[in-house]
Amino acid sequence: MLSSLRAALARASPRPSTLGRMLPRSSSTVAPATTAASSSSSSSNRLWAILLAGLGAGLAMKLRQEQQESPRVVHAWSVADRVEIEKILGEAGALVDASGKPRSVKDLQGKTLGIYFSALWCNPCMQFSPILRMFYQACNKSTTPLEVVFVSCDLTDGQHAAYIKHIHDLWLHVPYANQKVMGELKKATGCWAGPKDAEVLGRIHHKVGIPTLILYHPDSPQVIQNGTDVVRNWYTNAVAEQRSRG
């Protein structure tokens, strides 16, 4: 399984010299800012514009229609807002980096937040995770306007540890031992998968499987539930642009 993951990462990775060209040209450079705060805000707004552009015209039109029909329904299913998500992540021991060092929910402030539900046993996740990794690197090339928190649907601690080591080493995650926080995040978003989650959480409030990436705007209530589509669209456009340039 790990060999398949490494192979997927190798296939998805473009030449290093082309990574910087993957963001839209209008966002490939960052203008100097007078203060760290203004730089962070500018980067976050720029990233959010990139994410929205990645939705594609058809999907964006569908979302606008849903908003017109019911202002309370922004996407296909309702999820907790960022305030509630950060409240869950603010619990003791809820957030660590790849080395296991505790991190604070304050580290998420001023950044677009991506909550990523995935598992090592999931083949679509193994295909998507390397692309998300490249997206994360491209977005954070100059600053760090995007932070990802990995929420595991793995069946064992061993699977989780291997997945962290080979793919999720760039961003934050909920420790596998903290099943309470992982369960709260899954219930707050309606996202879980696998027999272990089904046994614990049931199926009544289940809305979506994996991989799922939910993106939260840094400064407003905006949410993009289909963040996986955003990233896939970005990658497809990047590859097409790379090929067109030879």
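## Helices H5 and H8

In this predicted model, helix H5 packs against helix H8 (residues 179-189) at an angle of about 170 degrees, and the two axes are 10 Å apart. Helices (H or I, at least four residues) and strands (E, at least two) are DSSP runs, numbered from the N terminus. Axes are lines fitted to C-alpha atoms, for helices over the stretch in contact, and angles run from 0 to 180 degrees between N-to-C directions. Angles under 35 degrees count as roughly parallel, over 145 as roughly antiparallel, 65 to 115 as roughly perpendicular and the rest as oblique. H5 and H8 are therefore roughly antiparallel to each other.

Where contact means heavy atoms within 4.5 Å, Glu 84, Ile 85, Ile 88 and Leu 89 of H5 meet Val 181, Glu 184, Leu 185, Ala 188 and Thr 189 of H8. The residues of this contact between H5 and H8 comprise six nonpolar, one polar and two charged. In this classification, Ala, Val, Leu, Ile, Met, Phe, Trp, Tyr, Cys and Pro count as nonpolar, Asp, Glu, Lys and Arg as charged, and the others, Gly among them, as polar.

## Basis of the model

Residues are numbered from 1 along each chain as its sequence is written. The model is predicted: local features need pLDDT of at least 70, side-chain atom pairs count only at pLDDT 80 or more, and totals for chains, interfaces and linings use all residues, while side-chain values use heavy atoms, with hydrogens and water left out.

## Overall composition

The protein contains 10 helices and five strands. Of its 246 residues, 48% count as buried; buried means under 20% relative accessible area, exposed over 50%, and partly exposed in between (1.4 Å probe, protein chains only).

The protein exposes about 12,100 Å², of which carbon and sulfur atoms supply 55%. Accessible areas come from the Shrake-Rupley method with a 1.4 Å probe; for residues, only the protein chains shown count as cover. Among the contacts with a separation of 6 or more, 70% are accounted for by residues 24 or more positions apart.

## The sheet

Five strands form an open sheet with mixed pairing, in the order E3-E2-E1-E4-E5. Its edge strands, E3 (172-173) and E5 (223-224), each pair on one side only. Two strands pair if DSSP finds at least two bridges between them. In general, strands of a sheet pair through backbone hydrogen bonds, either parallel or antiparallel.

Strand E1 (residues 112-118) and strand E2 (residues 146-152) run parallel and are joined by seven bridges; Ser 118 has Ser 152 in E2 as its bridge partner. By contrast, E1 and E4 pair in the antiparallel sense over five bridges, and the bridge partner of Gly 114 in E4 is Leu 215. Leu 215 also stands opposite Ile 224 in E5. E4 and E5 run antiparallel with two bridges between them, and a hairpin of six residues joins E4 to E5.

Is strand E4 enclosed or exposed? Five of the five residues of E4 are buried, so the strand is largely enclosed by the rest of the structure. Thr 212, Ile 214 and Tyr 216 point one way from E4, while Leu 213 and Leu 215 point the other way.

Pro 211 is found in the loop between helix H9 (194-201) and E4. A cis peptide bond, with omega about 0 degrees, joins Ile 210 and Pro 211. In general, most peptide bonds are trans.

## Helices on the sheet

Helix H5 (residues 82-89) lies across E1, E2 and strand E4 (212-216), and runs at about 65 degrees to E1. Helix H6 (residues 123-139) also packs on the sheet and touches E1, E2 and E4, with its direction at about 165 degrees to that of E1.

H6 packs in turn with helix H10 (residues 227-244) at an angle of about 75 degrees, their axes being 10 Å apart. H6 and H10 are therefore roughly perpendicular to each other. Among the residues that meet here are Phe 128, Ile 131 and Leu 132 in H6 and Val 231, Arg 232 and Trp 234 in H10. The contact of H6 with H10 comprises nine nonpolar residues, one polar and one charged.

## Two residues around H7

Ile 167 is found in the loop between helix H7 (157-166) and E3. At 0% relative accessibility, Ile 167 counts as buried. Ile 167 and Arg 133 are 34 residues apart in sequence and 7.3 Å apart in space, C-alpha to C-alpha.

Lys 165 lies in helix H7 and is exposed, with a relative accessible area of 63%. The C-alpha atoms of Lys 165 and Ser 99 are separated by 9.1 Å, and these residues are 66 residues apart along the chain.
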